[in-house]
Number of protein chains: 2
Amino acid sequence: MKKGELKISSFVSVLSVVIALLSCQPGDVQKYSRVPEQDPDVLSFIFPLGQRGSTELFTGEAFHFGFSLDSIYNTVSGNVYFKAGARTNWHTHPGGQILIITDGVGYHQIEGEPKQRIKKGDVVQCPPNVLHWHGASADAGLQQIYIVPNIDRGIVDWQAAVTDQEYEN
Amino acid sequence: MKKGELKISSFVSVLSVVIALLSCQPGDVQKYSRVPEQDPDVLSFIFPLGQRGSTELFTGEAFHFGFSLDSIYNTVSGNVYFKAGARTNWHTHPGGQILIITDGVGYHQIEGEPKQRIKKGDVVQCPPNVLHWHGASADAGLQQIYIVPNIDRGIVDWQAAVTDQEYEN
């Protein structure tokens with residue numbers, strides 16, 4: 001049995017936007033100067049931030065807080081907080097995956113299909129052995145609970161990083 | 001694939017406390033006049049309210065919003081919102097259950113063990129075929145996501161209601 005205490009974490013987004021505006025080329029200004037879909041500072045936290053995700057498996061800043069990994073329940077579950085722009089590598093789950101979005105805005109993409117916008121209150125199912133990635137939008141973070149069932153078949157098979165071109169498409 | 005939109009629902013608690021104070025015996029006043037652990041009106045909603053739970057399976061006002069029931073994932077998941085005082089009947093899950101508390105304060109009790117206080121950010125595991133109940137505290141509601149894995153073994157076996165005496169113990 002695991003229990004988590006509420007923690008509040010805030011991060012400064014304004015500074016990074018200012019730096020981006022100052023350092024980027026003229027063609028990039030439109031991307032950074034548009035009004036964000038959601039102020040990243042208002043993202044709520046139900047669970048502790050957890051551990052920073054490995055740079056070999058995530059692009060950008062993602063934080064993982066595990067709930068359970070237990071053969072009795074045959075399930076792995078936990079929370080991942082993605083800062084704006086952060087995302088998983090491409091990966092598959094032998095037993096499938098259910099994502100529950102508790103705050104923010106992001107994307108989920110199955111290989112060969114268009115990128116899908118996901119937001120607070122959405123529940124996304126990704127079938128077994130289907131290549132996919134998920135993460136935050138470019139200008140707002142994402143809070144997601146994940147459920148990986150059927151772990152007697154395996155948990156996750158990690159593959160290549162999602163390139164900036166794939167992310168922006 | 002299912003998706004839910006955020007809905008805000010508010011409910012009036014002050015009136016019920018006033019009615020309780022006016023109608024109850026002197027010995028009950030202390031119970032109702034103490035400061036609530038959390039103002040029920042501030043409970044947040046990630047998912048739609050859903051369907052009112054059957055009075056045969058729940059005591060008080062509970063609302064169920066299902067995410068998924070899918071043999072591919074071998075899992076049932078969803079959200080239950082319990083108003084203050086509401087709770088499930090005693091029940092078991094052949095494949096166990098994982099509860100994720102996203103807001104509020106409540107209780108979880110396994111038969112023969114003390115009632116356990118649960119709150120925002122807690123994750124509770126209840127093993128297969130163990131008799132238990134869960135619900136809101138007497139003066140604050142509860143928002144919980146549930147995961148019932150291993151549904152090839154069955155989903156839930158409902159039993160008797162939790163009496164007021166059992167709830168208050």
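Helices (H or I, at least four residues) and strands (E, at least two) are DSSP runs, numbered from the N terminus. This is a predicted model, in which local features need pLDDT of at least 70, side-chain atom pairs count only at pLDDT 80 or more, and totals for chains, interfaces and linings use all residues. Residues are numbered from 1 along each chain as its sequence is written, while chains are lettered from A and ligands numbered from 1 in the order in which they are written.

**View 1. B:Pro127 sits in a loop of chain B.** The loop runs between strand E9 (123-126) and strand E10 (132-136) of chain B. Leaving out residues up to four places away in sequence, B:Pro127 touches A:Ile72 and B:Gly96 (contact: C-beta atoms, placed from the backbone, within 7 Å). For scale, B:Asn89 is 38 residues away from B:Pro127 in sequence and 17 Å away in space, C-alpha to C-alpha.

**View 2. Chain A meets chain B.** Here 32 residues of chain A are in contact with 32 residues of chain B. On the chain A side, the elements giving two or more residues are strands E3 (62-70), E4 (75-82), E7 (97-110), E9 (123-126) and E11 (142-148). That side splits into 16 nonpolar, 10 polar and 6 charged residues (nonpolar: Ala, Val, Leu, Ile, Met, Phe, Trp, Tyr, Cys and Pro; charged: Asp, Glu, Lys and Arg; polar: the others, Gly among them).

**View 3. The largest nonpolar core holds 58 residues.** Those with the most contacts inside it are A:Ala62, A:Phe82, A:Ile100, B:Phe82 and B:Ile100. Such a core is a set of buried Ala, Val, Leu, Ile, Met, Phe, Trp, Tyr and Cys residues joined through C-beta atoms within 7 Å. Beyond four places in sequence, the contacts of B:Phe82 include B:Ala62, B:Gly106 and B:Leu142.

Definitions and conventions: Two residues are in contact if their C-beta atoms, placed from the backbone, lie within 7 Å. A residue is buried if 20 or more other C-beta atoms lie within 10 Å of its own, exposed if 12 or fewer, and partly exposed in between; C-beta atoms are placed from the backbone.
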